[in-house]
Amino acid sequence: MWPLIGIVIVILGFALRFNPLVVVTLAGLITGLTSGLDLPAVVSDFGTAYVQNRYMALIWLALPVIGLLERSGLREQAQRLVTRIHAASLSRILILYMLMRQLTAALGLTALGGHAQMVRPLIAPMAEGAARKRLGDLPQAEREKIRAHCAAVDNIGVFFGEDIFIAIGSILLMKGFMEQNGYIIEPLHFAVWAIPTAFFAFIIHSARVTFYQRALIRRYTAQSKSRPVGEHK
């Protein structure tokens, strides 16, 4: 029973808003000691776990880089770039990114994209710039909705695209579940049957993005025409 005290320490530490690293480390030490291990063995297990999972920390290295790029004007440059491209529109940017996200996820490259790496610093500013080029300055609430659509195409692209890759966790999970119930199915069969789902998900959400752009244009074009001459947004 005493080894379970580590769970209590984690709950109390988080509830009292202590440093999460200190709380988790303390919980691990106490759990190991109350389980009968000596202090060198507990520290050794900490080191072994770190070495085996050190690659998990690599993703955090990208966040400071993205922050520095944003501070140096990455978002503003993305907006300026899209305003110079005559064919760029809100729907085209989102659909093209969703297609790229789905195709790369189907090849197992799920890390080529994401909210922090792509949507916030690049895709969202480009989508807002395309909308501003056509409609002028938009209210903050509408800009937040555009950003939500940018996040949605990323989620949908990777969610339905990754199931086409046979070595993804979801495919292996389904294979294991089916085998436990007496059905032997190869991962390739799961991947093949995920293709129609990914295709229709792309078509349906592309239509949704297109309809949103049309509604946005109708709404703000009508508002601009109804304003008196000389009144600005």
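Trainee: Where in the protein is the place of Ser206?

Mentor: Ser206 has its place in helix 10, helices being DSSP runs of H or I with at least four residues and strands runs of E with at least two, numbered from the N terminus. Before going further, note that this is a predicted model, in which local features need pLDDT of at least 70 and side-chain atom pairs count only at pLDDT 80 or more, whereas totals for chains, interfaces and linings use all residues. Residues are numbered from 1 along each chain as its sequence is written, and side-chain values use heavy atoms, with hydrogens and water left out.

Trainee: Does Ser206 count as buried or exposed, and with which residues is Ser206 in contact?

Mentor: Buried means under 20% relative accessible area, exposed means over 50%, and partly exposed lies in between, with a 1.4 Å probe and protein chains only. Ser206 counts as buried because its relative accessibility is 9%. Contact means heavy atoms within 4.5 Å, and, with neighbours within four places in sequence set aside, Ser206 is in contact with Ile95 and Met98.

Trainee: How many helices and strands does the protein have?

Mentor: The protein has 10 helices and 0 strands. Buried residues make up 31% of its 233 residues, and of the contacts with a separation of 6 or more, 66% are between residues 24 or more positions apart.

Trainee: At what angle do the axes of helix 6 and helix 7 cross?

Mentor: Axes are lines fitted to C-alpha atoms, for helices over the stretch in contact, and the angles between N-to-C directions run from 0 to 180 degrees. Here the axes of helix 6 (residues 90–106) and helix 7 (residues 115–135) cross at roughly 150° and come within 7 Å. Helix 6 is therefore roughly antiparallel to helix 7, on a scale where angles under 35 degrees count as roughly parallel, over 145 as roughly antiparallel, 65 to 115 as roughly perpendicular and the rest as oblique. Helix 6 brings Leu90, Ile93, Leu94, Tyr97 and Met100 to the contact, and helix 7 brings Met118, Val119, Ile123, Met126, Ala127 and Ala130.

Trainee: Which residues have the most contacts inside the largest nonpolar core?

Mentor: In soluble globular proteins, nonpolar side chains tend to be buried together. A nonpolar core is a set of buried Ala, Val, Leu, Ile, Met, Phe, Trp, Tyr and Cys residues joined through side-chain atoms within 4.5 Å. The largest one here has 21 residues, and Leu90, Leu94, Ile146, Cys150 and Leu216 have the most contacts inside it. Two or more residues of this core come from each of helix 6, helix 7, helix 8 (140–161) and helix 10 (187–226). Residues up to four places away in sequence aside, Ile146 touches Leu90, Ala127, Glu128, Ala131, Leu138, Tyr212 and Leu216.

Trainee: What is the phi of Arg17?

Mentor: Most residues other than glycine have a negative phi. Arg17, although not a glycine, has a positive phi of about 60°. Its place is in the loop between helix 1 (5–15) and helix 2 (20–34), and Arg17 is exposed, with a relative accessible area of 77%.

Trainee: Which residues does Lys175 touch?

Mentor: Lys175 lies in helix 9, which spans residues 169–180, and is buried at a relative accessible area of 17%. Residues up to four places away in sequence not counted, Lys175 touches Ile185, Pro187 and Phe190. From C-alpha to C-alpha, Lys175 and Ile185 are 6.4 Å apart in space, though 10 residues apart in sequence.
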